[in-house]
Structure formats: C-alpha cells, structure tokens
Amino acid sequence: MSAAATRRLTTAQALVRFLAAQYTERDGVRHRLIAGTWGIFGHGNVAGLGQALVEYREAMPYHQGRNEQAMVHAAVGHARHLNRLSAQAVTTSIGPGATNLVTGAALATINRLPVLLLPGDYFASHAADPLLQQLEHPVEADVSVNDALRPVSRYFDRITRPEALLASALQAMRVLSDPAETGAVTLALPQDVQAEAYDWPEEFFADRVWRVRRPAPDPVELAEAVRAVRAAARPLIVAGGGVHHSEAEAALKALVDATGIPVASTQAGKGALRHDHPADLGGIGHTGTAVSDALARTADLVIGVGTRYSDFTTASGTLFQHPGVRFLNLNITAFDAHKLAAATLVCDARSGLAALTDALAGHRVDAAYETEYRTGKTRWEETVAEAFRADDDSAVPTQTQVLGALDAVVGDEDVVINAAGSLPGDLHKLWRARSPRQYHLEYGYSCMGYEIPAALGVQQAAPDTPVWALVGDGTYLMNPTEIVTAVQENLPVKLVLVQNHGYASIGGLSESVGAERFGTDYRHRVGDGSFTGAPLPVDLAANAASLGMDVLRAKTVRELREALSTARAATRPTCVYVETVPPSAALPAQAWWDVPVAEVSAREAATEARAAYERALADRRRHL
C-alpha cells in the first residue's frame with residue numbers, strides 16, 4: 001500500500017491554501033467562506049503569511065489596510081452584507097498590531113458576525129526571547145498579548161506546531177460557518193511556526209463545503225408557541241438581526257400578512273419589513289418610534305425573532321409594562337431564546353416563522369387592534385415627514401434634514417451604514433428602509449470608527465451597489481484612515497460627513513445626567529477650564545481630500561441635495577461635507593435608558609437628574 005500523498009509547504013502557505021478551498025452552502029447556494037484577507041505586515045507576519053499570500057495571490061485576494069481595528073470592521077461589514085455566508089481574514093504582526101484587533105473582535109462576537117483573525121505571535125521555540133514587542137509574564141511564559149483576544153473570540157488557538165493546524169483550522173471553519181456559534185475566531189501564529197515546513201496531507205487542501213443548517217422547531221415548542229399566540233390579544237413581534245442573517249424577511253411578511261401581528265425592529269432588524277408595509281412600526285426601545293413603544297407597553301405577548309434583547313431594545317427593563325406580558329423567543333441560539341424567561345423556539349428564523357405561519361392558519365388579531373396600530377403608524381409617518389421637511393432651501397440644514405435629503409436620493413438597493421453618535425437615534429426613528437440590507441447599523445458594540453471601513457467591506461460584497469457611510473465629526477476623527485484603502489482599491493464608497501463641532505449624542509446624555517455637557521464640545525478651552533470657547537479651526541473636508549477623496553461641500557439644503565445626487569453617481573470615493581445646526585425641535589427618546597446618575601452632588605443639575613433617574617427606575621421590571 002502506497003503512502004498517502006503529501007505536499008511540503010510552510011505552515012503559512014498551508015493555511016492560505018486551506019482557506020482558499022473552504023465554502024459554505026445554504027439552500028443549494030455555495031459561497032466562498034474566506035473571500036479574501038486584509039493585512040498589515042510587520043516582523044510577526046511578513047515572512048510567514050506575507051510570503052504565503054504572495055505565493056498564492058491568485059487563490060487568495062489580498063486587501064491592504066491602514067489600521068488593524070479598521071480591517072476587522074471591513075471584514076465584519078462584508079460578512080453582515082452577505083448574511084454571514086462569507087467572511088474575510090485579517091492578519092497582523094505581533095504586539096500593537098495584534099492588540100489593535102481586540103475592539104474589532106469584540107464587535108464581531110457581540111454582533112454574532114464571522115471574522116477570522118490571524119495575528120502573529122512570539123517564537124514558539126523561544127529561540128529569540130524576549131523578542132521585540134513580546135509581553136514577558138513572570139510566571140506564565142506561554143502568555144502573549146494575543147491572549148487578550150480570548151474573551152472576545154468564539155474560538156481561540158495558538159498554533160505552536162505545524163501539525164496542530166490540521167485540527168484547529170477545521171474547528172475554526174466550523175465555528176465561522178455555524179449560525180449559532182459564529183463570531184470572531186482567532187488563530188495566533190508564532191512567527192517561527194509560520195515559516196516552518198511540514199509534509200501536509202493532500203486531503204487538507206481539498207475543497208470542503210460547510211453546510212449552514214436551518215434547524216426546524218421542536219414540535220412541542222411549536223405547539224406551545226401556537227397556544228401562546230392564539231391566546232394573545234395584543235401580540236407584538238420584535239424583529240432582530242437574525243431575521244436578516246437567516247434571509248427570513250419573506251417568511252416574516254407571510255406570517256404578518258396572515259395574522260396581522262405588527263412588527264417593531266431593533267437596530268439590527270430594521271428593514272425586516274419594508275417601511276411602507278402597514279404592519280411595520282419602525283424601531284423599538286430607547287431610540288424607537290412612538291407607535292412601537294406605545295404598543296410595547298401594552299403588549300401581552302412579545303415575540304422576539306432573532307434578537308438578543310439589548311438594554312436599548314427593552315428600555316433597560318422598563319418598556320414591556322402589561323401586567324401579564326409574556327415572551328416567546330424564536331432564535332437559533334438557546335442562549336438568546338431563553339432571555340426574559342420566554343417560551344422558546346430554538347430554530348432557524350426562516351424555518352421557525354414558516355412553521356408558525358402554517359400552524360396558525362386561520363388565526364388573526366382583532367380588527368380594532370390593527371386599526372389602532374395603523375393609526376399610530378400614520379401619525380408617526382407625519383412626524384417623519386415633518387423632521388425631513390426643509391421649507392427654506394437656502395438655510396443650513398439640521399441633522400434630520402440631512403437624512404431627509406439622503407432619503408430623497410437613495411434607491412431601494414442603496415446601503416446606509418452607521419454605528420455611533422446621535423445619528424443612530426435619528427436613523428432608528430426616522431429612516432424608511434426599502435430593502436432588507438439597506439439599513440446597516442452596528443449597534444451591538446456601537447463602535448465609533450466602524451462606518452468607513454465597514455463601507456469598504458460592503459462595497460466589496462456588493463460592487464455595483466451605492467454604499468453610504470454616515471459619519472459625525474467625532475467618529476470621523478476616530479478612524480478615517482481606510483479612505484486611503486478605498487482610493488487604492490477604487491471602491492466608490494460615499495461618505496456623508498456631518499460637522500456639528502462635538503459629541504452631539506453624548507453631549508445630550510451628559511446634560512440629562514447632570515454632567516452639564518462637560519468635555520463634549522470641540523471648542524477652545526477658556527479660563528475656567530471648560531471648553532465653551534469658539535469652535536476649533538478644524539477642516540475635516542480638507543482632511544478627507546488629502547486622503548484622496550473627492551469632496552463636495554454643501555452649505556445649504558439645496559447644495560446638500562445636489563451634492564448627494566452627484567455623490568451617488570460618482571465612480572470613485574466621494575465625500576459630502578455638511579455643517580449642521582441644532583434642530584429646532586429635537587426628536588425626544590420615546591423610552592428610557594439606564595445611565596446611573598450620581599447619588600449625591602453639590603451641583604443642582606446632578607441632584608435634579610438623580611430625582612428624574614429614580615422616578616424612571618421605579619418602572620423597571622424583572623421578567624421572570
């Protein structure tokens with residue numbers, strides 16, 4: 001009997017060849033699991049993975065990043081837009097390159113989105129010890145800075161021998177492709193092991209398909225769910241990101257059309273129904289619409305579909321106030337399904353919704369309930385129209401008027417990306433999502449600096465789609481560097497850069513909790529140490545232009561509309577820069593959010609804020 005065929009490659013070469021042969025498949029459609037690799041090279045990966053990516057550059061596309069955290073954001077944006085069926089890898093050197101991955105990894109894992117992290121590591125042999133950028137631990141010699149990635153990774157391994165990759169690479173792919181387990185996956189790669197040769201079995205490089213399951217609901221759980229829905233007088237669906245990940249939008253619509261149950265959406269779930277569907281009530285929770293939150297307070301059954309119930313969704317436990325409210329959670333992970341002491345349907349969202357629709361045949365909510373929520377939806381649509389309206393085209397726009405101008409320009413296929421600041425609240429309340437993937441808000445981690453790199457990942461996933469990154473001045477200053485990558489790769493992303501001279505969101509929060517907007521403005525320091533002087537002479541538009549973007553400056557509502565239209569048609573990276581004025585009538589939060597206030601203070605603003613905090617806290621419930 002002849003020996004099994006082998007191929008002599010370095011560990012890094014073997015890993016790249018292996019990754020290029022991995023696929024996912026769902027509903028008979030195949031996707032490449034690792035569609036490309038982002039990288040910044042240093043001494044910890046240039047001679048290993050860097051050389052391997054050159055060796056196999058035709059098999060593994062490479063994208064040059066400028067910031068390690070931003071590369072993870074780009075990969076996450078790519079994975080989200082492709083419903084987690086395709087991911088990207090990120091390679092860095094050791095030391096600061098590796099630790100810069102931690103924030104991006106946390107974002108990916110919190111949002112249940114796949115990304116493969118390949119940081120360099122110390123010498124496994126300890127031949128060079130300590131080496132440049134190595135963390136020396138006095139009692140644990142096997143610890144490196146990469147261990148900081150353990151708590152934010154869904155799978156972690158350090159490959160200290162070449163043959164260890166055989167098992168670990170398969171485990172990494174299993175986690176990345178499993179909708180119930182996915183998140184950041186880290187394979188830490190000691191730099192000497194990356195370059196070490198080994199005789200790899202040919203089977204390791206064969207095409208491998210990871211089938212993404214659609215588990216059906218348990219019959220007992222399904223029967224209990226049907227009883228709960230039939231018994232409810234005021235049911236409300238909370239659509240989360242799992243609806244999109246499962247491509248369950250049509251199944252959700254079928255259930256709603258058959259039963260009349262209204263739908264409110266989380267930040268991740270917005271767009272699960274088109275905005276103009278009569279049962280779509282928009283966002284829910286602290287940043288939700290008035291109609292969604294009003295129904296949530298009186299709902300006797302809350303049906304969560306693919307949601308993790310963050311504190312923004314539940315208004316920190318104060319939103320669902322019906323005395324007998326119960327929860328029914330349809331989720332592919334038991335961890336999320338059991339939240340709020342719910343009855344559970346642990347299954348794929350599309351499979352579960354379809355089964356529920358069939359089992360509820362003939363059931364429909366009371367006509368008066370439908371009339372109630374449709375009337376509330378109509379009233380809120382009037383609020384949206386008023387917020388978007390600009391009666392004077394020559395005036396400086398408010399932030400909500402910026403959104404109104406963009407709403408008038410985009411098509412159904414456009415993607416709008418945001419993550420942090422005051423924009424998420426306005427978008428969740430006001431944006432009219434036209435398609436399942438148009439509304440792209442990262443709000444699991446609410447990470448400033450996500451928007452621009454994520455736009456690159458989405459543009460790679462959908463090359464012919466207009467992709468908009470909405471960014472405030474505070475977020476822009478966190479992470480603008482991937483503009484250079486967009487220019488280098490000719491990715492025609494559109495950046496809407498809103499200048500309001502400070503942290504608008506946290507400034508408002510600061511005022512509400514008695515911190516008096518201290519430290520939230522971009523202004524000159526004055527004599528008493530506060531920052532209430534003139535705005536800083538910072539020109540962010542000039543900065544964007546210096547990084548290679550075409551920049552359109554809009555000073556009025558009319559100029560803004562023209563600039564947005566020009567940007568949408570642009571074939572290279574384009575920035576629309578607009579300075580806004582505070583809205584004449586801000587859209588208030590429709591539900592509470594718990595940010596603890598100082599229990600004692602000598603300042604009147606803080607004592608008043610504490611009194612308001614204690615009044616709101618009285619409404620908190622523990623759903624057991």
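## Sheet

Two strands pair if DSSP finds at least two bridges between them. Helices (H or I, at least four residues) and strands (E, at least two) are DSSP runs, numbered from the N terminus. This is a predicted model: local features need pLDDT of at least 70, side-chain atom pairs count only at pLDDT 80 or more, and totals for chains, interfaces and linings use all residues. Residues are numbered from 1 along each chain as its sequence is written, and side-chain values use heavy atoms, with hydrogens and water left out.

An open sheet of 6 strands runs in the order S14-S13-S12-S15-S16-S17, with parallel pairing. Its edges are strand S14 (280-283) and strand S17 (343-346), each pairing on one side only. Neighbouring strands of this sheet are turned by 20 degrees against each other on average, direction ignored. Here axes are lines fitted to C-alpha atoms, for helices over the stretch in contact, and angles run from 0 to 180 degrees between N-to-C directions. Within the sheet, 5 bridges join S15 (residues 301-305) to S16 (residues 326-331). Ile303 stands opposite Leu328 in S16.

## Nonpolar cores

A nonpolar core is a set of buried Ala, Val, Leu, Ile, Met, Phe, Trp, Tyr and Cys residues joined through side-chain atoms within 4.5 Å. Buried means under 20% relative accessible area, exposed over 50%, and partly exposed in between (1.4 Å probe, protein chains only).

The largest core has 79 residues. Ile237, Leu252, Trp468, Leu470 and Leu564 have the most contacts inside it. Helix H15 (residues 367-388) supplies the largest share, 6 residues. What does Leu564 touch, not counting residues up to four places away in sequence? The list is Ala405, Leu406, Val409, Trp468, Val496 and Val576, with contact meaning heavy atoms within 4.5 Å. Another core, of 47 residues, lies apart from the largest one. Among its residues are Val76, Ala108, Leu149 and Val471.

## Aromatic pairs and charges over rings

Rings of Phe, Tyr and Trp (its six-membered ring) pair if their centres lie within 6.5 Å; planes under 30 degrees apart count as stacked, over 60 as edge-to-face and the rest as tilted. The structure holds 11 such pairs. Trp200 and Phe204 are stacked, at 5.7 Å centre to centre and 15 degrees between the planes. Both are buried. Phe312 and Trp593 are edge-to-face, at 4.5 Å and 70 degrees. This pair links distant parts of the chain, 281 residues apart. Phe312 is in helix H12 (residues 311-314), and Trp593 is in the loop between strand S23 (574-579) and helix H24 (604-617). Phe312 counts as buried because its relative accessibility is 12%. Trp593, at 27%, counts as partly exposed. Ring pairs also link Phe18, Tyr198, Trp200, Phe204 and Phe205 into a cluster.

A charge sits over a ring if NZ of Lys or CZ of Arg is within 6 Å of the ring centre and within 35 degrees of the ring normal. Arg30 lies over the face of Tyr23, 6.0 Å from the ring centre. The charged end of Arg553 sits over the ring of Tyr577, 5.7 Å from its centre.

## Backbone exceptions

Most residues other than glycine have a negative phi, and most peptide bonds are trans. The bond from Asp129 to Pro130 is cis, with omega near -5 degrees. Pro130 is in the loop between strand S7 (115-121) and strand S8 (155-158).

His126 lies in the loop between S7 and S8, and has a positive phi of about 60 degrees. Gln133 is also placed between S7 and S8, with a positive phi of about 75 degrees. His126 is partly exposed, with a relative accessible area of 32%. Gln133 is partly exposed as well, at 33%.
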